Amino acid sequence: MAETLVAVIALAAGFGAGYLARARRRGGRTDTVRLPPDRYAESVAEFAGAVAPVWSGQIDSSRTQMETAVGRLTETFGGIVEHLDSVLTSSSEALHDGQGGAFDRSRQRLDDVVDTLDQALTAKRESLAELHSLLSLNQELRQMSHEVTRIAAQTNLLALNAAIEAQRAGAVGASFGVVALEVRQLADRSQNTSARMVDNVDRVAAAITSVLTAAESSAEREGNSVTHANGEVQAVLDDLMAMLSRMRDSSQQLEQAAVGIRGEIADSLVSLQFQDRVNQMLEHLRDNILRFPELAADAATGGAPLDARVLLDDLAAKYTMAEEHKTHSSGTSAKVSESEITFF
């Protein structure tokens with residue numbers, strides 16, 4: 001852009017001087033004079049009056065188009081930066097608070113469910129232990145019933161022997177025989193009662209054994225289910241943790257990329273400030289070109305000689321940037337110093 005400006009300045013400011021110099025050289029040679037001096041000056045004034053507005057209009061048109069395009073581009077970049085900031089903020093909140101917190105809460109709830117199942121299984125195992133204890137007591141009761149049966153049998157045998165001895169004793173042992181008979185009847189009743197107790201104890205033992213077998217089978221299935229549930233819950237938590245870790249890595253990469261893009265766009269916005277500088281340079285050049293017809297008219301009417309120095313000094317008086325002075329003095333393009341750029 002600076003090279004273009006230099007070319008335009010050189011074209012605008014040097015064209016008249018060069019044109020007049022060539023005309024003067026032609027004027028020094030009597031054999032090539034085509035116009036009288038007055039007519040020549042008028043033609044220069046006409047030339048300046050014709051081309052200067054066109055040059056200025058083209059410069060204004062280019063400046064306006066550039067200003068509009070750069071303004072839209074700056075506005076678009078500004079919107080992109082705002083969107084990136086919004087996305088980064090949302091991503092950061094979701095990554096550091098939302099997802100991690102939800103995962104921790106879900107894991108705590110699943111751990112509570114597994115603890116509840118473990119507690120239920122422990123209570124059932126305690127019930128099984130009570131059933132085993134009850135079965136042991138029933139076995140002792142069965143042994144005691146057998147012992148009563150055995151005592152009743154021995155008592156019956158003793159009563160039988162007593163009755164035989166009373167029979168041998170004759171009339172003297174008659175009363176003793178009656179007692180022996182009563183004892184035998186009591187022994188028979190005790191033996192029958194003991195037999196019924198053994199039957200009942202056996203039925204109770206069978207019922208307890210049936211309940212215990214069913215409870216042990218159920219406890220085994222529940223234990224396997226709880227163990228399987230523990231494994232599945234842990235596997236699900238591991239999968240979720242791995243997925244969350246990948247999402248965090250991906251989010252961090254996206255965040256880093258977004259930060260990099262935002263920085264590059266910010267740098268681009270700073271670089272786009274050249275539009276203000278170029279706009280000022282074009283305005284200075286436009287104003288200087290517009291003065292060219294005035295000076296040419298003065299020269300044509302004999303008011304003042306056509307001197308390029310007047311235009312150049314007027315142009316230099318309006319410079320506001322260092323590179324304008326450098327370009328003016330050297331005639332070549334000058335680089336813009338970064339320290340002169342206003343950052344926003």
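**Entry 1: a starting residue**

I began with V236, which sits in helix α3, residues 174–271. This is a predicted model, and I kept that in mind throughout. Is V236 buried, exposed or partly exposed? Its relative accessibility is 41%, so V236 counts as partly exposed.

**Entry 2: the overall build**

I stepped back to the whole protein. How many helices and strands does the protein have? I counted six helices and zero strands. Read along the sequence, the pattern is α-α-α-α-α-α.

Then I checked burial. The protein has 344 residues, and 26% of them count as buried. The accessible surface is about 21,800 Å². Carbon and sulfur atoms account for 57% of that surface.

I also looked up contacts between residues at least 6 apart in sequence. Of these, 81% join residues at least 24 apart.

I turned to charged side chains. Side chains of opposite charge can pair when their charged atoms come close. My search of the whole structure gave 15 salt bridges. I followed R63 through several of them.

D60 and R63 form a salt bridge, with the closest N and O atoms 3.1 Å apart. Why are D60 and R63 separated by about one helical turn? They are three residues apart in helix α2, residues 37–169, and therefore lie about one turn from each other. D60 has a relative accessible area of 24%, so D60 is partly exposed. R63 is at 11%, so R63 counts as buried. The cut-off for buried is under 20%.

The next partner was E67. The side chains of E67 and R63 meet in a salt bridge at 4.0 Å, N to O. Both residues lie in helix α2. They are four residues apart, about one turn of the helix.

Then I reached E283. Its side chain meets that of R63 in a salt bridge at 3.5 Å, N to O. This pair links distant parts of the chain. E283 is in helix α4, residues 274–300, and R63 is in helix α2. They are 220 residues apart. E283 has a relative accessible area of 28%, so E283 is partly exposed.

Which residues are linked in the network of salt bridges? I listed D60, R63, E67, E283, R286, D287 and K318.

**Entry 3: more on E67**

I went back to E67 in helix α2. Its relative accessible area is 38%, so E67 is partly exposed. I looked for what else lies around E67. Not counting residues up to four places away in sequence, E67 touches Q275 and N279. I also checked D276. The C-alpha atoms of E67 and D276 are separated by 8.1 Å. Along the chain, these two are 209 residues apart.

**Entry 4: a charged residue without a salt bridge**

I placed E324 in helix α6, residues 322–330. E324 is buried, yet it has no salt bridge. Which side chain of opposite charge is nearest to E324? I found R277, at 7.7 Å. The salt-bridge cut-off is within 4 Å.

I then asked what E324 does reach. Its side chain comes to 3.1 Å from the backbone nitrogen of M321. Leaving aside neighbours within four places in sequence, I found E324 in contact with M281, H284 and Y319.

**Entry 5: D298**

My last stop was D298, in helix α4. D298 is at 33% relative accessibility, so D298 counts as partly exposed. Which residues does D298 touch, not counting those up to four places away in sequence? I noted G303 and A304. I also looked up A41. The C-alpha atoms of D298 and A41 are separated by 9.3 Å. The two residues are 257 apart along the chain.

Key:
Residues are numbered from 1 along each chain as its sequence is written. This is a predicted model: local features need pLDDT of at least 70, side-chain atom pairs count only at pLDDT 80 or more; totals for chains, interfaces and linings use all residues. Side-chain values use heavy atoms; hydrogens and water are left out. Helices (H or I, at least four residues) and strands (E, at least two) are DSSP runs, numbered from the N terminus. Buried means under 20% relative accessible area, exposed over 50%, partly exposed in between (1.4 Å probe, protein chains only). Contact means heavy atoms within 4.5 Å. Accessible areas come from the Shrake-Rupley method with a 1.4 Å probe; for residues, only the protein chains shown count as cover. Lys and Arg count as positive and Asp and Glu as negative; His and the chain ends are not counted. A polar contact is a pair of N or O atoms within 3.5 Å; within protein, one must be able to donate a hydrogen and the other to accept it, and residues adjacent in sequence count only if both atoms are side-chain atoms.
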